[in-house]
Structures are given as C-alpha cells and as structure tokens.
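Welcome! Let's take a walk through a protein model together, one stretch at a time. Have the viewer ready so that you can find each part as we reach it.

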Amino acid sequence: GVGRRFLWDKGLDGTGQVIGIHDTGLDRSHCFFRNDQGNTTANDTLKLCKECQFSNYYEPSRAYALWALEGLNATFCSVERLGKASHGGQKYVRFPNGTGTIARPHNVSFAHELNLYLTVLTGNQSHLQRSPQEISDIYCPKFATALDAEDLDFCCKLDPKNETAQDVLPTHLRALALTLLSRGRTCCPTSLTLENMGEVPFLQDNCTFTTDACTKRQTEQRKVQAYWAFADTNDKRDGHGTHVSGSVAGSAATPGAAINAYQGMAPKAKIVFSDASRKRGYGVWLPVDEAKVMKWAYDLGARIHTNSWGDSSNTYEKGSQMFDEAVYERKDLLILFAAGNDGDQGYASLGSQPNSKNVLTVGAASQPLEYELQDAVPARAAAGRWELKSTFCEMDAPGRAWASGRLLVDINSVLGAVCHAMNQTFHPFSSAHAAKHHYCPKISDENWAQYVCRVNAFNFTAPTGDCRDGLRRLAYAGHSRALPFRRACAETSESSLKRLEAKGLIGERRMAWFSSRGPTEDGRIKPDVSAPGYYVVSSRADANMGTEQCAPSGTEDEGAGQAGKEPGLLAMAGTSMATPITAGSVALVRQYYTEGWHLSGRRNTSAGLEKPSAALLKATVIAAAVPVQGTLEFSRPYDEFPDGACPEQEKFCQFQDPVDQMDTEARRMVVGFGFLHLPSALWFEGDSHRLYVIDSTPRLQSEDVMTLKMRFVNASASAIQKAVLVWTDPPAMESASKTLVNDLDLTVQCYDESWGTIGKLALGNGGAERDTRNNVEVVESEDLAMGGDAASRCEVRVKGANVNVGKQDFALVVLTNATATLTVTVTRAKENRTDPWRIIIIVASVMGSLSIVAIGIGLYVIWRKWKKREYDRHIMHEMLPAMEIFGSGSDEDVLSIENEEDDLEDDEDIFDSDTHLNR
C-alpha cells in the first residue's frame, strides 16, 4: 500500500524472487499467504520444518535472570537511583488549568512511575506524593530476600503476562510489575516456564537439517514455501511477523480482492520463513550461530533476507561479525536489518546488527499526511473497534480478555474510585456478562465512533458525564489490548497527525524521530537508506489458523452477540516497517537485473545477470536514494545545553536538529544516503537518465586501479549524476576500533574538452580526504564542481587502497544524464613493473559473481563491560540470543511527541522495551 504502481506496471513484481524472513511468526491463514482464498483444505498442506528447534536455554537464561535481579535489587535499595530521572517510562503531567494527563515517553524516575501505577490501580491520588525513601523501604527487602535465595519465582510472578500470578498479586506488587514492564525490565527467565526449570540442557549449534520440509522449498505452495518452526508455529494477535511479511510480499490469491490495495512491495515473490518467538509473542530468538537463519533461507533459494529486530548496543559484536561473514561467503545474499527505534536517544543510537558492514541498514521516514489520514487511521480505528467488540460483544463466550477475572476486578476498582470522586453512585458489575451488557450496545450502534472518542477523552482530573465512561485508565493497568479506545478513535489520531505535520515532523521523506541514527561506534555511515515506516498498513494476524482475514476493515455483526469477521489490516510504525518495504523493493531490483532490463531499458532475459551480487543490489538501492527532509528531535540532559537553555529542574529538554541545514557529510553520517526511490536509479526505455553497472569483476589488490572512461554525447552539466561503489568486506574481529578490512577508494573527475575545463577530483563520500572507514562510497554531481559546463568525458576510478585479505571484488553503479560509450581498463600494481599499460576491456553490466572464502585477520578485541557485572559479550550472545522487535501498533510511542497534549495508552508492543533479554 505504500508508493505508486510504476514498477509493477512495468512488470517488476517480484516474479522469480525468494525472500527469507526471521520474525515473531506468520499467520499463514491470512489471505495474503493462503494458497487459495476461502478454501481451507488447500491451505493446510505446508509441511513445517521441525528440526534444529529452539531449546529453552535454561542455564544461560537463569544466569542472566540472576544478573538482572541483582541490578533491580541495586536500584530499589538505593534512594538515589529510585529518584533519578532516566529515559523512558510514563509521567503524570499537570497543566496550568488544573487538569492533567499521563504521557509517554518522559525522562522520569522509577519512583514517580511506580507511584503513577499505584494511583491508576487504586484511584488514590495521594500515592503520587510518596518519596523514593518510602518506596525503597517497601520494595528493597523483597528484592534482597529474592536475591539471597536466588528466587526467580518471585521475578516471574512480577511478569504482567503471567496472568495466573497477576490474579493473586497484591496491588503494590501489581504496580511494581507494570512499572517493570513499562521500563522493559525483568528478572524472569523468559525463555522457559516454571514447570520445566532445571531440566533443559544448553542448546549446542551442531544440528543439521535432514527432512524434506527443512531442505526443500515446497514450490507447490503459492506464497509461503518453507516454514522453520524454530521457536513456534504461528504468530500472536496483531503479530509483528505477519505485518512484516505482508509488506514484503503479501498478496491475496484473488487478484481483484479489495485487500490487495495493500499488497506487499513484491507481490509475486515467495517467502521462506523462520519463526523466532515463543507463545508470548515478543522477543526474537536465534540459534547460537545467529546467521544460521539466513544460511537456511539461502539454501532454500532466498537471496534476500529481511530482519526487523535487534539490540541497542552500538558496537560491532559477535552477531555483526556473523552476518558479515554470511554475506562474504555468499556474495549474492543481501541481508537487511532495521536501524532500530532509539532515535530519541540522539546520535549513534544504532544496534549491533545494523553495525554489520555488508548488510543494508534501513531507517524510517514518514509518509504524506494524505496516506496517514486515508489509509492508516481507518485501519487503526477498525482494528481498535474490533478489539473492543471482541471484549464486550461476545456474549456467549467468556472471551480471552475476561479469562483471568482480572479485567472485571480492575473495572470495578477503577470505576468505583472514579464514580466516588464524581459523587456518582456505582454498582459494581456482578459478572463479565453484566459489564458486556452495559458496554456492547454503545460500541455496536451507529454512534460508536462518538462514544469511543468520548471515553478516550475522559478527563480524570476534572471529570464530567457518566463515571462509567472512565475506562481508559485501565489501559495503564495492563488492559490496553482489550480496551484500545485511543486506537479506535480516529478523531484523536487525525488531530495528532495534523499537529505533527504542522511542526514539520511528518510528511513525505521526513525522517521519523524514533528512527535510530548513525554513526556506528567506529564512525561509519549507517543507516544506509530510509523508507516509509510511520504507520504502514499491512496484514494483521489473528492467531487463528482457521480464519483467513480477507476483509480489510472486518465485517459487521453476523448475528446477535457475534463480533463479525476480523479486519485483515493493521497499521504499525517503526523501522521494522521500513525494512520489509525496502526488502520487497530489493526483490524488484534483483528481478530487474536477472531479467536484463539494465542493458537496454527493456526486458531481455537472455542478457540477465544470473547471480547479481549483494553489493550490486545494495549499490543500486543507495544510488536510488533521494535527500531526506525534516527535523531530528530527541531528549538531551540539561547540562548539555548552553547556559539557561534547559532549566536544571527539567532534567531533560528536547533538542532539534534540522536535516536540511546539515552539510552532506554530516547528514549522511546521521541518517544515511537518503530516502529510497527506485525510479531515480532503475533505467527504462525513454527515461532521461541512464544506468551503468559493473558487478564482481575485476578483483583488486593493493594499488590496483580500475578506470571506467565514459564519453558522452549531448551531456549537460556534470553528466554523472551519481556514482556508488560497494564491496562486500571480510568480517572484522569483534569490538574492533576500525572494522574496515579491505579499503577501496572511489574517485570521479569530469572534463569539458570543448572549453578545456577540468572539474574537481571528487573523493568518495565527499570528504576532503579519502574515506578509510566505509565499504560504501558515493560521489554526487555537486561534488564534481563542473558549474555550467557540460562534461564530454568523465573518469571513474576504483583503487585498491589497502587490500589486506585476498583480492577484493566490488560493484559499481553510475547514473548519468546522457548516453555514454565505455572503456574499462585495469592497471595491476605488481604487473606494472614489466607491463605498465596492460589493458583489460570489460563489457559493463555483464559481470559474473564470485565466491570467496572468508579469511580472518588479527585485530585487537575491546570487550565492553556491564556496569554491575562484567560479561563476555560473545558468551552473552550464546546465552541469550534474543532481540527486540522494531515495530509497534501502539499509540504511546509513535504519537508520543505530542505527549504534552495526549493521554496515551500503553500498548503491548512498544518501541523502547529495553528488556535486556530482548536487546
């Protein structure tokens, strides 16, 4: 649903492409992935790969949980730590008129947030006044006792997803549990249940695949042709993996299906999927060899692999090395990673996965307001209303929201406090059925939109109206999934979006404030590109393999007491959403080359590249990038501002940095090379620009130089619009201070022979000195300083500046505004001694790909230290191979920049859930 149909209309639709995905799960019964719409029998034939499955990782999980318990004990036994403001959490904000709101994210203390949850659960505002010392006196003994006894059962009872435990927890511990969830903190070994503790051995990564379901792609399946049930066999409700997969390649079997208005970027591509999450549906689990999921997909034919998950450690770690090695050993495999959603933390906020040199790292930008209002907001409202109807209108069944009994208890508790404050009589609901009988008609009638917006706007500080409308506060008590009033209220979303646009924070090609920013720890440019990631509409999982979800917005009631059919679409936001859109786009690029479009601007399969390299695909995507816009906004401590600019009592203030005012070098370092726009690079017959590529040959050693001489006819200005050099670099050692192993240099110089004008010698990435850190180098037309003169000749050179391992292959993409005749020469440094003018003529665009075995080189390893306990990060990766997903359907994180005005819900999937286990 994102972008125009230009490439699809040309015939580029992903045909012949296979894409690998590792994510939380895939609802294969969704009509985007079913074999035949509406035919259940034909849709239940995929054989699952059940070898090399997830092991519970008990011993490492227990070790990490004890470490986390130690950290929580240190926090709650320190008055200073409890009272210190830190990034994240929720905050109660009072306005000058006496009203107030609950806002997120804010830089607040543990103490403040814990008091907030106690107030929510009890309705007693006096809890907001408790001091850090009082809180420490209550909770420190409990953590200290648990730590002394290594009692992880205590930790697991504090997990709000443990509904059985939550039913019996006293209120002050429920408030603690919700605070820990909001902060993404846990000391429960989340990889196992309490019943199987102590018996599960540590997984060794020595298994091999032997069955056909694991080793052969099931080509008779329409869309999903392999499914490795590594962690599970399905996705959760509103699941991340199903949404991601829809954006990549989702499409209904019936071409005219209404839901196909939101089909994926490569609708004819096939999917091989590895399931990464357990039943609780959050976190991404990996084998000890983290790149094993990519290797498995590659062996099944996938040449593109997309990953919308990662940690927040801006270092080159064991996983970074594994992913670089996987690409280095499979030169035609392009791996994509989401940049992450820590942009509000400022610069250098990437994770270790996007630190990998050879992957394509993707940041998020926003779409035009028109798309958000016409597509995203209605999809959000439909999904929100469906959840409300499922909660209140399924009269004949208990319903999942009521299963534990906690929702009924909390409704009566919170509404009792609200009604008491309003001097209204409240008779507690005697049963779930009684509560449903009151609310279902309001959510079902024709005025439902006004009602849900009225509940969403209920002011708890100065309440008016029916006190039973005060349900929204329950979202802060862990019921946001069952009671998504904010999501269902389109009016609120629309007003928030319009305010954001007025501030210049959303709009076409504007960087999303949550998108993690570069540079990497060793100073490289990342992310590489950005793509739409702000409220993207894609497929919605319902966690029921017996339904197909083909109705975009769901259907109305099918009968008395029935909620109707679930909506098939969901709007989510994050770099998680931008990455699959880019992966689907890469599939179109790969099809472009394999079908031979690059030679004449027309399909010519006989001249297609059999194995276009990952470097070529990456170079083409970067060549297609256009400048991003907008303002970067994030919180900084008060002492980082000029005197008086941020009052000390505020602790943190918002910092703004307009992208448009950055110079090219600084902008690239922070947000990458630009926003993906494939028509800017792919050349078709009749276009005003041309595309020239060289892939994989020649291979260079130190001091070797390849020169591409281009002579133009009827050129204007510099003739070369952009030149992009990318090479797949050998993996570096973990924590290397400089990760580049083989260094190539790109230079471009143009001449106007009619006037004798010589343009500037432009260096790769526009610096005054050659780039010695990146394995991507770009020269743009403004770097060439030709002024108004028309270049008749340009020379593009690639030099082996310092090749330490083997011979280095590369891909070169050159965009021009005129047709050129080409000559390619290679000067070999060693051979120059006897044959200094050896010339090799190469036909541009028709190079074969090469495969080289990785060779390690010795670099010093710098190990990072945890504040409380020192761990070997390699071991930690083996111990707990879990990551955070980088996408959300929630409101409080995506719209939270408006938190001074909006009372935001705390949905289950949140950007900043710094769970440690998942990062």
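This is a predicted model: local features need pLDDT of at least 70, side-chain atom pairs count only at pLDDT 80 or more; totals for chains, interfaces and linings use all residues.

Strand 21 covers residues 743–752, and since ten of its ten residues are buried, it is largely enclosed by the rest of the structure.

Which strands pair with strand 21? One is strand 25 (residues 793–802), joined to strand 21 by nine bridges and running antiparallel to it. If you look for Q749, you will find that its bridge partner in strand 25 is E795. Another partner is strand 23 (residues 762–763), which pairs with strand 21 in the antiparallel sense over two bridges. Here T747 has L763 in strand 23 as its bridge partner. Strand 22 (residues 757–758) is also antiparallel to strand 21, and two bridges join them. In this pairing, D752 stands opposite T757. Strand 21 and strand 22 form a hairpin with four residues between them, and in the turn G756 has a positive phi of about 75 degrees. What holds such partners side by side? Strands of a sheet pair through backbone hydrogen bonds, either parallel or antiparallel.

Four of them form an open sheet in the order 18-26-20-24, with antiparallel pairing. Strand 18 (690–695) and strand 24 (776–780) stand at the edges, and each has a single partner strand, so one side of each is left without a neighbour in the sheet. On average, neighbouring strands of this sheet are turned by 10 degrees against each other, ignoring direction. V724 stands opposite V778 of strand 24.

Let's move on to the helices. Helix 4 (residues 110–122) and helix 5 (residues 132–148) have axes that come within 10 Å and cross at roughly 75 degrees. The two helices are therefore roughly perpendicular to each other. Where they meet, A111, L114 and N115 of helix 4 touch P132, I135 and Y139 of helix 5. Sorted by class, this contact has five nonpolar residues, one polar residue and no charged ones.

Helix 5 also meets helix 8 (residues 171–183): their axes come within 12 Å and cross at roughly 75 degrees. That angle makes helix 5 roughly perpendicular to helix 8. From helix 5, I138, Y139, K142 and F143 make the contact, and from helix 8 come H172, L173 and L176. These residues divide into five nonpolar, one polar and one charged.

Two further helices show what burial looks like. Helix 21 (residues 614–623) is mostly covered, with ten of its ten residues buried; among them are L616, K618 and I622. In helix 16 (residues 448–456), the buried residues are W448, Y451, V452, C453, V455 and N456. Against which helices do they pack? The buried residues of helix 16 pack against helix 13 (369–392), helix 15 (432–444), helix 17 (485–488) and helix 18 (490–502).

Next comes a feature taken from a database record. In an unreviewed entry, UniProt places the feature "active site" at D23, H240 and S576. These positions span 554 residues in sequence, yet no two of their C-alpha atoms are more than 10.2 Å apart, so they gather at one spot. H240 sits in helix 10 (residues 240–249) and is buried, with a relative accessible area of 1%. S576 belongs to helix 19 (residues 575–594) and is buried as well, with a relative accessible area of 0%.

Finally, step back to the whole chain. Its secondary structure comes to 23 helices and 28 strands. Of its 919 residues, 62% count as buried. Among the contacts in the chain with a separation of 6 or more, 80% are between residues 24 or more positions apart.

Terms used. Residues are numbered from 1 along each chain as its sequence is written. Side-chain values use heavy atoms; hydrogens and water are left out. UniProt positions are given in the numbering used here, feature names are shortened, and annotations may be inferred rather than shown by experiment. Buried means under 20% relative accessible area, exposed over 50%, partly exposed in between (1.4 Å probe, protein chains only). Two strands pair if DSSP finds at least two bridges between them. Axes are lines fitted to C-alpha atoms, for helices over the stretch in contact, and angles run from 0 to 180 degrees between N-to-C directions. Angles under 35 degrees count as roughly parallel, over 145 as roughly antiparallel, 65 to 115 as roughly perpendicular and the rest as oblique. Contact means heavy atoms within 4.5 Å. Ala, Val, Leu, Ile, Met, Phe, Trp, Tyr, Cys and Pro count as nonpolar, Asp, Glu, Lys and Arg as charged, and the others, Gly among them, as polar.
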